[in-house]
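Subject: Structure handover

Hi there,

Here is the structure I promised to pass on, with my notes below it. Have a look first, and then read on for what turned up.

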Amino acid sequence: MMNPNCRFENVEAIFEGRLRGNQLMLSGKGLTHEEARLLWQSPRMQEVSWLDLDDNNLGDQGVQELVECSFLENVQYLNLNQNNVSDEGLKFLAKAKYLGKLKRLHLKGNPIKGEGVIALFNSDLLLSTFQINDGWTCKKREGWRYKPQI
């Protein structure tokens with residue numbers, strides 16, 4: 001049965017023409033968190049290392065569902081610009097179990113005040129670079145990632 005909140009019949013309809021090798025280009029598709037659920041349920045997401053979700057409508061709930069998706073284990077680049085993600089969403093990202101390879105995170109154009117950024121800095125994510133506003137790129141230094149082996 002089709003969800004009335006979803007414009008896509010199935011996940012293939014989302015992938016169609018937008019999956020290029022390991023890059024999934026979904027910018028400007030107006031995806032809601034309900035529609036994005038089709039992606040999070042698809043094993044094909046394991047092929048994706050570059051996930052461009054720029055300019056969609058995921059919100060914090062969409063981010064919460066994204067971080068619970070075990071198929072995103074190979075994602076290295078995640079673009080969440082203009083998705084109405086607040087500090088709450090960043091806190092979900094900071095606790096992500098399956099984004100172990102994530103290196104670049106783009107968050108421009110979201111209503112972020114700061115607490116979530118601190119959560120990301122203090123997280124165990126490998127993140128080397130994240131952009132929060134135009135021209136405002138954070139780079140984590142090696143030392144921030146250092147965890148002594150006990």
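A cut-off to begin with: two axes count as roughly parallel when the angle between them is under 35 degrees. Please also keep in mind that this is a predicted model.

I would start with α3, which covers residues 59–67. Is this helix enclosed or open? Seven of its nine residues are buried, so the rest of the structure largely encloses α3. The buried ones are G59, D60, G62, V63, E65, L66 and V67. They pack against α2 (33–40), β4 (77–79) and α4 (87–94).

**α3 against α2**

How do α2 and α3 lie relative to each other? Their packing angle is about 10 degrees, and their axes are 9 Å apart. That angle falls under the 35 degrees cut-off, and α2 and α3 are therefore roughly parallel to each other. On the α2 side the contacts come from H33, R37 and W40, which meet Q61, G62, E65 and L66 of α3.

- A36 sits in helix α2 and is buried, with a relative accessible area of 0%. A36 and G62 are 26 residues apart in sequence, yet their C-alpha atoms are 7.2 Å apart in space.
- Q61, in helix α3, has a relative accessibility of 39% and so counts as partly exposed. Leaving aside neighbours within four places in sequence, Q61 is in contact with H33 and R37. With H33, the side chain of Q61 makes a polar contact of 3.4 Å.
- E65 and R37 form a salt bridge, with the closest N and O atoms 2.8 Å apart. This pair links distant parts of the chain, since E65 is in helix α3 and R37 in helix α2, 28 residues apart. E65 counts as buried at 16% relative accessibility, while R37 is partly exposed at 29%.

**α3 against α4**

What about the packing of α3 and α4? Here the angle is about 5 degrees and the axes are 8 Å apart. That makes α3 roughly parallel to α4 as well. From α3, the residues D60, V63, Q64 and V67 take part, and they meet E88, G89, F92 and L93 of α4.

D60 belongs to helix α3. Which side chain of opposite charge is nearest to D60? The answer is K91, at 9.6 Å. D60 is thus buried but has no salt bridge. What the side chain of D60 does reach is the backbone nitrogen of G89, at 3.1 Å. Not counting residues up to four places away in sequence, D60 touches N84, V85, S86, E88, G89 and F92.

**Salt bridges elsewhere**

How many salt bridges are there in the whole structure? The search finds six.

- R7 and E35 meet through their side chains in a salt bridge of 2.9 Å, N to O. R7 lies in the segment before α1 (11–15) and E35 in helix α2, so the pair ties together parts that are 28 residues apart in sequence. R7 counts as exposed at 51% relative accessibility, whereas E35 is buried, with a relative accessible area of 2%.
- K91 and E88 form a salt bridge of 3.5 Å, N to O. They are three residues apart in helix α4, which means that about one helical turn separates them. K91 is partly exposed, with a relative accessible area of 22%, and E88 is partly exposed too, at 41%.

Happy viewing, and do write back with any questions.

Best wishes

Notes: Residues numbered from 1 in each chain as written. Predicted model: local features only at pLDDT ≥ 70, side-chain atom pairs only at ≥ 80, totals over all residues. Heavy atoms only, no water. Helix = DSSP H or I, 4+ residues; strand = E, 2+ residues; numbered from the N terminus. Buried < 20%, exposed > 50% of the residue type's maximum accessible area, 1.4 Å probe, protein only. Lys, Arg positive; Asp, Glu negative; His and termini not counted. Salt bridge = Lys/Arg side-chain N within 4 Å of Asp/Glu carboxyl O. Polar contact = N/O pair within 3.5 Å; in protein donor to acceptor, adjacent residues only side chain to side chain. Contact = heavy atoms within 4.5 Å. Axes fitted to C-alpha atoms, helices over the stretch in contact; angles between N-to-C directions. Parallel < 35°, antiparallel > 145°, perpendicular 65-115°, else oblique.
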